[in-house]
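Subject: Two-chain model, handover and notes

Hello,

Please find the structure below. My notes on it follow, one chain at a time.

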Amino acid sequence: MGDTKPIALITGASRGLGKAIATELASKGYNLVMVARNEALLHELAGELSVLFETNTWVFSTDLLQPDAAAGIFSFLQENNVVIDILVNNAGIMQNATLMTTTDAMIDDQLAINLRTVLTMSRSAVKHFVRKRKGCIINMSSIVGVNGGIGQAVYSATKSALVGLTHTLSKELGPLGIRVNAIAPGYMMTDMTAQYDEVHNEKMRMATSLRKLGSAEDVGKLAAFLCSDDAAFITGQVIGVDGGLLI
Amino acid sequence: MTEQEKLVHAFADALMIEKEQVTDELKYQSIPNWDSISHMILITNLEDAYKISLSTDDVIGMSSVAIAKDIIGKHGISFS
């Protein structure tokens, strides 16, 4: 592909926040590497973005539970001579349970996808960014990673870990021109919160200062800003997109 | 450019030192310029120079110029 658009890699790109981020970045002129389990959904989105924005895309289907997933993704990039400019560590899973009812499998799976994959993906991406002395990593944290949330011991722990990771990587990589920020969404109307009923949604709506629930697009717009040169002096930040939600 | 010259160039560029300072005895963090930041640049320089991919173990283990030669040698590059 002969164009010079910057390339963003997004994990969990097939739906929810990842899809919104992919769409927003495509609309801003980025080409995309889209990673998720569901290859059919990825190809469907790739086709839409190609028509809408003439976006070039590379689709890679993988299960991020696998320890070698990141290695597989970056081998794929190498084989296709793709050098990324941006990494959006978006993929995540949320398995609600009080700690006493949390199984070992729930701990392992959430740690694997929400944290381990972010570490391994970032480690590989850094090599791309070091060559350019420029790069951008966005980690998808959560409001519960900052404030905690009942029934989300493991999930909140992983999202809190991303806050620490974001601060650390911003310090480690800043001298090389690489910016690292995190987004902490509040209660967003996405597939991840589809498990909740209307009563719960209304309760959460009333808990926000703005008396409204967020959308995936709200997160997509912030991600696009953080990726842009308009955010060139912003690093090491954890930015909430929560409508002023109090939890 | 010989393999040795590629190595010297990669080190000198990454660490921002004179080529004469790149000797087998030079060790990681033995001079201020070879710190954790320049080490990352060094790794990518070496990967680009020799068209190889260095593993995390290689990155961690590359603690001197001499050891760098050994590691790169595993990829079929000869310095003799």
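Of the 247 residues of chain A, 46% count as buried, where buried means 20 or more other C-beta atoms within 10 Å of the residue's own, exposed means 12 or fewer, partly exposed lies in between, and C-beta atoms are placed from the backbone. This is a predicted model, in which local features need pLDDT of at least 70, side-chain atom pairs count only at pLDDT 80 or more, and totals for chains, interfaces and linings use all residues. Residues are numbered from 1 along each chain as its sequence is written, while chains are lettered from A and ligands numbered from 1 in the order in which they are written.

Chain A overall

Chain A has eight helices and nine strands; helices (H or I, at least four residues) and strands (E, at least two) are DSSP runs numbered from the N terminus. The radius of gyration of chain A is 17 Å, which agrees with the value near 18 Å that a compact globule of 247 residues would have. That radius is taken over C-alpha atoms, and the globule rule is 2.2 Å times the number of residues to the power 0.38. Along the principal axes, the C-alpha atoms of chain A fill a box of roughly 50 × 35 × 35 Å. Among contacts in chain A with a separation of 6 or more, 72% are between residues 24 or more positions apart; a contact requires C-beta atoms, placed from the backbone, within 7 Å.

Strand E1 of chain A

Five of the five residues of E1(A) (residues 7-11) are buried, so the strand is largely enclosed by the rest of the structure. Ile7(A), Leu9(A) and Thr11(A) point one way from E1(A), and Ala8(A) and Ile10(A) point the other way. E1(A) pairs with E2(A) in the parallel sense over five bridges, where pairing requires that DSSP finds at least two bridges between the strands. Within E2(A), Val33(A) is the bridge partner of Leu9(A). E1(A) is also joined by three bridges to E4(A) (residues 86-89), again in parallel, and there Ile10(A) has Val88(A) as its bridge partner. Together with helix H1 (residues 16-27) of chain A, E1(A) and E2(A) make a right-handed β-α-β unit. Right-handed means that, with the strands pointing away from the viewer, the path from the first strand over the helix to the second runs clockwise.

Which residues of helix H3 (residues 69-79) of chain A are buried? They are Ala69(A), Ala70(A), Ile73(A), Phe74(A) and Leu77(A). These residues cover an arc of only 125° around the axis, which puts them on the same side of H3(A); the arc is that of the directions from the helix axis to the C-beta atoms. The buried residues of H3(A) pack against strand E2 (31-36), strand E3 (57-61) and helix H4 (104-132) of chain A. After H3(A) comes Asn81(A), whose phi is positive, near 55°.

Tyr155(A) is in helix H6 (residues 153-173) of chain A and is buried, with 23 other C-beta atoms within 10 Å. Leaving out residues up to four places away in sequence, Tyr155(A) touches Met94(A), Gln95(A), Gln110(A) and Val144(A).

Chain B

Chain B has four helices and zero strands, in the order α-α-α-α along the sequence. Its radius of gyration is 11 Å, close to the 12 Å that the globule rule gives for 80 residues, so chain B is as compact as a globular protein of that length. The C-alpha trace of chain B spans about 30 × 25 × 20 Å along its principal axes. Buried residues make up 25% of the 80 residues in chain B.

In helix H4 (residues 65-73) of chain B, the buried residues are Ala68(B), Ile71(B) and Ile72(B). They cover an arc of only 95° around the axis, which puts them on the same side of H4(B). Their packing partners are H1, H2 and helix H3 (56-61) of chain B.

Met16(B) lies in the loop between helix H1 (3-15) and helix H2 (36-50) of chain B. This residue is exposed, with 10 other C-beta atoms within 10 Å.

Contact between the chains

The contact takes six residues from chain A and four residues from chain B. On the chain A side there are four nonpolar, no polar and two charged residues. Here Ala, Val, Leu, Ile, Met, Phe, Trp, Tyr, Cys and Pro count as nonpolar, Asp, Glu, Lys and Arg as charged, and the others, Gly among them, as polar.

Regards

Notes:
Two residues are in contact if their C-beta atoms, placed from the backbone, lie within 7 Å.
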